[in-house]
Amino acid sequence: AAITEITSEKIGVEVEVMRGLDAEKMNLALTSGEQVDLMNFSSYTGGISALVSAGMATPLDDLVEEYGQETLALIPAEDLECGKIDGVLYSIPSLKDTARAAGFAMRMDILDELGIDPATIETYDDVHDVLVKVHEAYPDMYPLVTSWGGGGMQEIIPFDNLGDKLGVLEDCNSDSTTVVNLYETDSYRELCERMYQWNQEGLVMADATTTTENNLLSANGFAIFSNYKPGIEGELSRQNSKDIKVSLLYDPYKHTGIAQGNNFMIPYCAKYPEKAMELWNLMYTDADVSTLFVDGIEGKHWVWTDDTHTFVTTPEGVETSASGYPVCDWAMPNQQITPVWEGNPADLWDQLNAFNQEGVASPAMGFTWDSSVLTNQVTACNNVVSQYDTALRWGTLNPDEAIPQFVADLESAVINEIITEKQAQLDEYLANKE
């Protein structure tokens with residue numbers, strides 16, 4: 001209702017917000033032709049490429065030309081290319097973290113009690129030592145828990161997933177453009193071996209692969225693998241209602257999937273695509289509109305901490321988790337025109353932009369994989385991945401035994417056909433780019 005007060009005057013529309021569209025509900029809405037004028041496709045399997053292949057995404061070039069010039073002026077050219085498929089724009093990257101780095105997030109109260117300085121944690125050996133200390137001091141606490149339910153783990157290997165992880169570039173920091181099977185790389189094996197050892201030592205949550213809980217740091221968990229970016233500590237602290245500190249484990253890198261992730265598109269079933277583009281443009285450029293989407297209503301969901309209007313916090317007597325707004329500013333088009341939450345640096349958005357610029361770009365930056373030519377093979381391989389990957393990542397399978405069988409099953413599901421086709425598409429993209 002508060003958003004509609006603004007949009008009614010500025011672009012002549014009322015806005016109805018739909019929430020809770022998981023992959024299944026999103027697919028049902030799209031296949032049934034339900035009116036959805038603007039949609040965040042982050043939970044849609046296969047992302048924008050799959051939506052385009054299925055004919056469910058509206059081309060944006062003409063719409064942006066007429067109604068989104070202000071938005072275009074904000075988007076770096078390198079990132080904008082990641083919203084294109086075969087030269088046609090279908091999505092506009094959000095002004096979020098378009099680089100990523102691996103981090104290790106921990107409860108500060110436990111660190112303080114054990115006298116551990118998070119600045120000294122720089123390697124996985126350091127992480128192991130901290131987990132051991134926590135396990136010894138707090139035997140009833142889970143030292144390492146999932147990043148989200150269902151065995152979720154933030155990515156801690158700096159590879160370019162080339163769209164779906166079925167054929168990747170092993171290291172974004174390398175200039176190699178050779179597509180390989182992630183699950184038979186040294187990087188993946190080393191991760192699984194490490195996690196198997198930690199699991200054997202009791203350092204990993206016992207039901208990590210099956211838990212449905214999110215935000216476990218707010219309960220009986222000490223640490224999670226986290227993405228790392230400016231503002232991540234404030235974001236996690238608000239999510240978990242505890243002071244969280246994050247140590248950097250891997251420097252920032254960039255690939256197409258990061259820029260494409262958590263963005264919006266205009267579905268084919270949009271009744272008012274022109275108005276959708278006008279609203280989208282406001283979400284990038286109008287601070288009041290963006291703040292309502294990201295943080296909610298002033299006085300109800302957030303308040304300024306003082307008259308300087310430098311930081312915001314939750315109103316007195318309101319818990320962040322009970323305010324009605326989840327912490328998902330990264331899922332909205334432009335968090336950088338919204339207030340900075342208390343606990344973050346005042347120049348948070350400048351730091352975020354600097355972080356994005358520091359990210360080492362994958363040599364395949366801008367490439368989008370078209371999997372539609374091998375749909376059955378992709379489905380078969382994804383079914384195999386679901387049998388092994390989560391269990392291996394959380395150390396519940398012995399990698400010496402499971403990885404060879406995992407790779408063999410992927411080859412039986414013809415992952416090598418996918419890798420060959422993906423390599424051909426990437427080579428063509430790079431040749432045309434030159």
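Predicted model: local features only at pLDDT ≥ 70, side-chain atom pairs only at ≥ 80, totals over all residues.
Local features need pLDDT of at least 70 and side-chain atom pairs count only at pLDDT 80 or more, while totals for chains, interfaces and linings use all residues. Residues are numbered from 1 along each chain as its sequence is written, and side-chain values use heavy atoms, with hydrogens and water left out.

Start with the salt bridges, where a side-chain nitrogen of Lys or Arg sits within 4 Å of a carboxyl oxygen of Asp or Glu. The count comes to 14. In one of them, K254 pairs with D79, with the closest N and O atoms 3.6 Å apart. K254 belongs to strand β7 (residues 244-254) and D79 to helix α6 (residues 77-80), so this pair ties together parts 175 residues apart in sequence. Helices (H or I, at least four residues) and strands (E, at least two) are DSSP runs, numbered from the N terminus. K254 is buried at 5% relative accessible area, and D79 is buried at 5% too; buried means under 20%, exposed over 50% and partly exposed in between, with a 1.4 Å probe and protein chains only.

R189 and D186 also meet in a salt bridge (3.3 Å, N to O). Both lie in helix α9 (residues 186-200), three residues apart, about one turn of the helix. Elsewhere, E155, K165, D389 and R393 are linked in a network of salt bridges.

As for the cysteines, there are zero disulfides (pairs of cysteine sulfur atoms within 2.5 Å). The sulfur of C82 has its closest cysteine sulfur, in C172, 11 Å away, too far for a bond. C82 is buried at 0%, and C172 is buried at 1%.
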